Each structure stands twice: as structure tokens, then as C-alpha cells.
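Hello,

Here is the structure I said I would pass on. Please open it first; my notes follow below.

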Amino acid sequence: NENGEVDAAPESNESEYLSPVTVGGQSLNLDFDTGSADFWMFSSSMPLSQSQGHSTFNASKSSTWSVYKGASWEISYGDGSSASGTVGFDTVDIGGATVTSQAVELATGVSGSFTSDVNNDGLVGLGFSSINTIQPQQQKTFFENIMDDLEQPVFTADLEDNATGSYNFGTIDPSEYTGDIHFTAVDKSNGFWEFASDTYTVGGNKSQCQTCSPAIADTGTSLVLVDDDVAAAYYGQVSSAVYDSSQGGYTYNCTESLPTFGIAIGSDYTATLQGADITFAQIDSQTCFGGIQGNSGGGIQIMGDILLKQFFAVFDGGNETFGVAEK
Ligand SMILES: N[C@H]1[C@H](O)[C@@H](Sc2ccccc2)[C@@H]2OC[C@H]1O2
């Protein structure tokens, strides 16, 4: 089998997790992103003003590289960042799991947030290829290409709080979790690992949602973005909380002890965050920025790293399910 396992190292501010990937013999640190489906890297054909500080992929130094003539890609992400460039095929190895002809996208241009994120050399899209942006023909993700060669058609994410975690392709390692894995059906029609999430808890009190947007598991998003009525209900229980438009979200006094927050993962399980695990950042001597924020009516709820790092997450491409376990 083709199983593989790699570290997932948290960025300094825990805004993302980076993993080593070898492409055509060149190693780069990439951001595994279950919320998109493009595999792209900073490349030697970018202006130095955009690539300085980054490792770049140099196609001319890879003996296994082949150009996808006439192809291009262009992607815009939920946070407003963007990237675009050219396409080829090469051998990709992630912790021993190898795809010999993976569509690899070389950036010729990226937005400022990528340039300034100097430890991030690109993204490995682990969503579904219906949202891959390669033209004239969309291409499969690394996971879609390797899935049938894995011991099990799954990958798992064990993201950690202030510690290095791991991504595992092909096996569900029982040493990485405790108790049961609580699975829910995934609707892949929007290209995401999407599932229903119709109830939530604040301080242990359960409420039925009002908007009830479907949720996605997104390893590439830092925060937990819930429907605006849910965010308002949560921070309504935090006495010092205010919505600070200059910060773009709810802030509160760091000394305040926060209530727990639970979000339904499908219909049978509520993933509960402890109050102490909900703060995302301290923005001044007294003020903290919450890791739970509203989705501004975006129509989907995004379960990002603030939640995922408290659980063991299983992405099952065979059954088309998503599951979480305590750890
Ligand atoms: N799925 C996510 C994606 O991975 C990131 S892309 C990114 C941008 C700058 C720095 C690092 C990563 C962006 O934020 C939320 C959504 O879009």
C-alpha cells in the first residue's frame, strides 16, 4: 500500500499548519487545505518581490516534471487572498505516500498575504476536484489520485495546540484518539467536506439554530465561523464581549472565563470546546479576539483549526463521511 504520514507543524501564531512535501525531488513546506482543491507552490518563475523568503519549486531542476501545455489556474480564497499560474505534472511524495503524475500548479503571481506568510510555500488542496481551478480541464487532488492505493481510502488530521501534530494517509491510527469516532455523512456537491450542523450549545445549554447553514471541515481556516445568530448567542454570554468592527469580530477582556461552546457534527454528536481553548489571539494588554466568529451571512459554517486541533479528524473518501474523536 501507499500509506504516508507527515508532521503538521503549527505556524508561530497557530494561524496555519505546515507539512513537508517532496515534489520532483524538491522539498517544500505546504499548507494542507481541506477547504480547497488546488495543489500549488511558490515557483522560481515568480517575481522575486513576491517569492522572497519562500522556498520555491524550480521545474527545470526536476527530471520528472512535464508541462501541461496551455493550462492555467487562478484561485480566490475565502479570506480574500488569491494566486494564479501555470500547470504541470510531477511525482509527489507525502510521508511515503507517492503519486507519480500529480497535477502541480506553479504560482506566477500571489496576493500579499501569501508573500508575507514566509513559511508557507503553497497549498495542498484536499477538498474535492469539482472546485479545482485548472483550465481547460480540472485535475484530481493528491488524495483522489492515491485513495484507491491506500490501505483504507481515508486521511486523518491530528492538529495540535502549540505542538506538532500529523496528517496520515491510508490508516486510522488508534494511538491518535480515544473513544469512538463520530461520523456524519458528507455532501461533496459543493467541493467541500460538508455536513449538517443544526444545533449548538453555550455553557452546556443546547439551542436549535435559526439559520442552520451546513458546515465544512476546513484545515486551512484558523477560526470557527458560525452563523451570525450563533456567534451573537455565544458572545451574549460573555459579559465583556463587544463586536469590534475595527478588529473584524468579537473581542472581550482576556481575564474573563469563557463558557464552553458545542457545535453539532451531523445529528448524533456535539463537538464541545472548553472556554480556555476558544481565544484566538491577544490584541492588547487586556483585550482578546475570539476564535469563534460569525460568517457574515456567508451561508456555510466553517469548522477551522480552533475546533479541529481539539479533536482527531477523519476524512473518509470511501464512505464519503467525516468523523471526529476525542484524543
Ligand atoms: N481554506 C482556507 C484557505 O486555506 C486559506 S488560503 C491562505 C491564505 C493566506 C495564508 C495562508 C493560507 C484561506 O483562508 C480561509 C480559506 O481560504
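**Sheet and ligand site**

Five strands form an open sheet with mixed pairing, in the order S12-S15-S24-S16-S23. Strand S12 (194–195) and strand S23 (292–294) are at the edges, and each has a single partner strand, so one side of each has no neighbour in the sheet. Keep in mind that this is a predicted model.

In general, the strands of a sheet pair through backbone hydrogen bonds, and the pairing is either parallel or antiparallel. Strand S16 (residues 224–226) and S23 run parallel, joined by three bridges. In this pair, Val224 is opposite Ile292 in S23.

Now the ligand. Where does the ligand sit? The ligand is found in the largest pocket. There are 15 residues around the ligand, and those that come nearest are Glu16, Asp33, Tyr77, Asp79 and Asp218. By type, the shell around the ligand divides into three nonpolar, six polar and six charged residues. Strand S3 (26–33) and helix H2 (112–116) each supply at least two residues of this shell.

- The side chain of Asp33 has an N or O atom 2.9 Å from a nitrogen atom of the ligand.
- Gly78 has a polar backbone atom 3.4 Å from an oxygen atom of the ligand.
- Gly220 has a backbone N or O atom 3.4 Å from an oxygen atom of the ligand.

On its own, the ligand has 400 Å² of accessible area, and the protein covers 88% of that.

Regards

How values were computed
Residues numbered from 1 in each chain as written. Predicted model: local features only at pLDDT ≥ 70, side-chain atom pairs only at ≥ 80, totals over all residues. Heavy atoms only, no water. Near = heavy atom within 4 Å. Polar contact = N/O pair within 3.5 Å; in protein donor to acceptor, adjacent residues only side chain to side chain. Areas by Shrake-Rupley, 256 points an atom, 1.4 Å probe, with all protein chains shown as cover. 1 Å grid on protein atoms, 1.4 Å probe; cavity = no way out; pocket = protein on both sides within 12 Å on 5 of 7 lines; lining within 4 Å. Sits in = over half its atoms within 2 Å of the grid points. Helix = DSSP H or I, 4+ residues; strand = E, 2+ residues; numbered from the N terminus. Nonpolar A, V, L, I, M, F, W, Y, C, P; charged D, E, K, R; others polar. Pairing = 2+ DSSP bridges.
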